[in-house]
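User: I would like a close look at one part of this model, taken slowly and with the terms spelled out.
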Amino acid sequence: MNVSMNKQLTDLIEDYDSPFTSSEVHGFFTGLILLKKDNAYVDEKILSFLDISTNSLPACHILMDQLKEDIKLNRYKLPIEDMKNFSERSSCIAEWSYYFMIAFQGTKDAVTDPRIMEILEVFDEISQLNQKYVNDVDEEVNINSLYEIHNFIDKSVQYIFNKKND
């Protein structure tokens with residue numbers, strides 16, 4: 001994720017007093033983008049779930065348009081570059097996954113492809129990263145695992161986007 005996107009996420013959260021983190025909002029918006037619903041549905045979901053005012057919708061749309069463009073251009077990245085240690089990064093990835101699933105599984109017709117269903121099952125496991133799994137004593141193993149998870153998420157987002165746009 002580029003610095004501009006991170007700043008815009010932070011600004012949105014601060015400007016509209018959102019109780020969510022950058023990774024949560026990033027995951028939620030990514031799920032909405034990949035769900036491919038009309039603007040009225042997306043706006044209603046944003047307002048009801050993020051509990052922010054209608055004044056925030058233009059900023060939300062700008063962020064979502066940028067995320068969509070990043071996905072189209074295959075430069076989509078999770079917001080973990082600013083995280084300083086394994087714990088912060090794993091929390092960020094778990095939060096991202098949880099909020100992605102909340103947005104993406106909003107309707108019954110969201111999942112019809114078996115590969116997407118498998119991806120969502122893995123995302124569900126990733127969302128429980130800090131509750132279900134014990135860190136390895138070797139920090140390098142932990143970092144490599146997060147790198148693999150990060151790559152899986154990036155590739156999965158790209159796959160779902162491409163599949164839904166076929």
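Which element gives the largest share of the lining of the largest pocket?

Analyst: This is a predicted model, in which local features need pLDDT of at least 70 and side-chain atom pairs count only at pLDDT 80 or more, while totals for chains, interfaces and linings use all residues. Residues are numbered from 1 along each chain as its sequence is written, and side-chain values use heavy atoms, with hydrogens and water left out.

The largest share of the lining, four residues, comes from H4. A pocket here is an open set of points on a 1 Å grid over the protein atoms alone, where a 1.4 Å probe fits, with protein on both sides within 12 Å along at least five of seven lines, and lining residues have an atom within 4 Å of a point. The space in the largest pocket is about 240 Å³, a volume being the space filled by probe spheres set on the points, which are joined across faces, edges and corners. Its lining consists of Leu32, Ile33, Lys36, Lys37, Asn39, Val42, His61, Met64, Asp65, Lys68, Phe161 and Asn165. Two or more of the lining residues come from each of helix H2 (22–35), helix H3 (39–50) and helix H4 (57–72), where helices are DSSP runs (H or I, at least four residues) numbered from the N terminus. Sorted by class, the lining holds five nonpolar, three polar and four charged residues; Ala, Val, Leu, Ile, Met, Phe, Trp, Tyr, Cys and Pro count as nonpolar, Asp, Glu, Lys and Arg as charged, and the others, Gly among them, as polar.
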